[in-house]
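Colleague: I am new to this one. Please show me the model, and then I will ask about it piece by piece.

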Amino acid sequence: MTHRSKCRAAAFVLTALAFAETLAADRADAADETVVLVPGWKAGEKARYDIVRTRRKTQPGKPVSETGARSSAEIEVVSASEESFVVAWTHGETTFDGAGAGEDPLAKQMADLVKGLRVEIEMDSEATITGVRNWKEIRDTMKKAVDVLFEGLNAKGMDADVLAKIRAQVAPLYAGKAQIAQNCTRDAQRYFMVLGYGFEDGKPVEYDDKLPNPLGGEPFPCKARYSLRGVDRKTGIATVDFRQVIPPEDALRIMEKTVKDMAERMGKPVPDGEGLKSFSIEDTAEFRVELATGWIESLTHTRATKAGGASQDDIVTFTRRADAATPSAGAADFPDDLNADTLRKMAASGDDLSKPREIEFFFVFASAKKAEAFAADVRAAHALEPQTAEDDGGGSWTSTVTKNMLPTHEGISKLERSLIVLAKKHDGTPDGWGCESVGKGK
């Protein structure tokens, strides 16, 4: 196992879609790239995401059924050092859509259990989850919430035996440190699993691992692979594909035993195992990662399960909100510095700071050689392509680094600071930044 296997093994099984064609199509973009995906977060930073979950079922002779749910999450960096991070993952409200949406009050109430739940996740420097700092608080909070839920269901006349079975399934999820670390970080495990990897010259990262059995019992052995699809130099976004496969013979053996054990626990006859002979789970994911910071711009996880003639796809997508890169762009929210003054003037002149645009950062060097050395460092660190030109009159060279981004104080300041560090290595001097104005409604 690699150093990342603990995080992967705790993650939900991701789902299968073929990715060979897209990988081949974009291989030219990935060639000769050296990309390391590591978090560059600072304490106080936040990112907000819209999360969409879709379940699509197919059965022989029946129409395809599809249900879904929408929720949100806020990720806040509580502390950051060279060795570790603590991030707070706060769950938002869940709404349901699709056929039967809103018809199952129990499902809605179960979703409401975690609404507003704040999970303080401990990580190492590569974003491998090592624990949950506030697990005792979560345990006590969830115990009270579960008690209130079942008291209400009992008052509404729900069958006592059914309630007892549901409680027996729910209560262990929040019983102790290990259970909370696993069950309260499922979305976080999906989100962070791509971080901590390096890709050289487009070479895939392959490994053998084990994934938890979603029905309990023996975990599934699997073969997994990360591949760098390409890097968009304008946006500084790297796209990474993930795929993992459970060998069919292992899937059959483990599922037969799992189903048998479940039937015995529930006092029911063991079902016909014929359908399990074609049982398979394949997992895929696509990650779009901001190289400069390690924040995930978007990701899609798909879990494809097949048995007999039936199949089920469970798809989870995370999309970063445009307002998540920084606090509000209102002038009152900016700190007191030169970048803030510039942004205030832009806002006052009618510029819509919620709209992305090309932002240019300028650096001056005493020689073309030093400017080109700076450009090489920028390519390696940020996957951006600086343009170098000799200044009028000669004697100095300006390197211009361009990135398509939101004109936020946090984003501009962070990238500027990083570029200044690289420029100083080659005796470069920062010469400010600039962009075109974007009016309201454009």
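Colleague: Start with Tyr-226. Is that one buried or exposed?

Modeller: Tyr-226 counts as buried because its relative accessibility is 0%. Buried means under 20% relative accessible area, exposed means over 50%, and partly exposed is in between, with a 1.4 Å probe and protein chains only. This is a predicted model, so local features need pLDDT of at least 70 and side-chain atom pairs count only at pLDDT 80 or more, while totals for chains, interfaces and linings use all residues. Residues are numbered from 1 along each chain as its sequence is written, and side-chain values use heavy atoms, with hydrogens and water left out.

Colleague: What about Phe-242, buried or exposed?

Modeller: Phe-242 has 1% relative accessibility, so Phe-242 counts as buried.

Colleague: And for the chain, what percentage of residues count as buried?

Modeller: Of its 442 residues, 43% count as buried. The chain has twelve helices and 18 strands. Those are DSSP runs numbered from the N terminus: helices are H or I with at least four residues, strands are E with at least two.

Colleague: How many aromatic pairs are there?

Modeller: Rings of Phe, Tyr and Trp (its six-membered ring) pair if their centres lie within 6.5 Å; planes under 30 degrees apart are stacked, over 60 edge-to-face, and the rest tilted. That rule gives 14 aromatic pairs. One of them is Tyr-49 with Tyr-191, which is edge-to-face because the ring centres are 5.2 Å apart and the planes stand at 75 degrees. This pair links distant parts of the chain, 142 residues apart: Tyr-49 sits in strand β2 (residues 46-58) and Tyr-191 in helix α8 (residues 186-192). Tyr-49 and Tyr-191 are both buried.

Colleague: How do Tyr-226 and Phe-242 pair?

Modeller: Tyr-226 and Phe-242 form a tilted aromatic pair, with 4.6 Å between centres and 50 degrees between the planes. Tyr-226 is in strand β10 (residues 220-232) and Phe-242 in strand β11 (residues 237-245), 16 residues apart.

Colleague: Which residues form the aromatic cluster?

Modeller: Trp-41, Tyr-49, Phe-85, Trp-89, Tyr-191, Phe-192, Trp-295 and Phe-318 form one cluster.

Colleague: Helices next. At what angle do α11 and α12 pack?

Modeller: Helix α11 (residues 368-382) and helix α12 (residues 409-424) pack at about 135 degrees, and their axes are 9 Å apart. The axes are lines fitted to C-alpha atoms over the stretch in contact, and angles run from 0 to 180 degrees between N-to-C directions. α11 and α12 are therefore oblique to each other. Under 35 degrees counts as roughly parallel, over 145 as roughly antiparallel, 65 to 115 as roughly perpendicular, and the rest as oblique.

Colleague: Which residues meet there?

Modeller: From α11, Phe-374, Asp-377, Val-378, Ala-381 and His-382 meet Leu-415, Ser-418, Leu-419, Leu-422 and Ala-423 of α12. Contact means heavy atoms within 4.5 Å.

Colleague: And α5 with α6, at what angle do they pack?

Modeller: Helix α5 (residues 135-155) and helix α6 (residues 160-170) pack at about 170 degrees with axes 11 Å apart. α5 and α6 are therefore roughly antiparallel to each other. The residues in contact are Val-146, Asp-147, Phe-150, Leu-153 and Asn-154 of α5 with Leu-163, Ile-166, Arg-167 and Val-170 of α6.

Colleague: Change of topic. What is the phi of Ala-127?

Modeller: Phi of Ala-127 is near 70 degrees, a positive value in a residue other than glycine. Ala-127 lies in the loop between β6 (118-124) and β7 (129-132). Ala-127 is buried, with a relative accessible area of 0%.

Colleague: Then Asp-427. Where is its place?

Modeller: Asp-427 is in the loop between α12 and β18 (429-435). Asp-427 also has a positive phi, about 60 degrees, and is not a glycine. Asp-427 counts as exposed, at 53% relative accessibility.

Colleague: Last one, Lys-62. Where is Lys-62 found?

Modeller: Lys-62 is in the loop between β2 and β3 (65-80). At 54% relative accessibility, Lys-62 counts as exposed. The C-alpha atoms of Lys-62 and Ala-310 are separated by 10.0 Å, although these residues are 248 residues apart along the chain.
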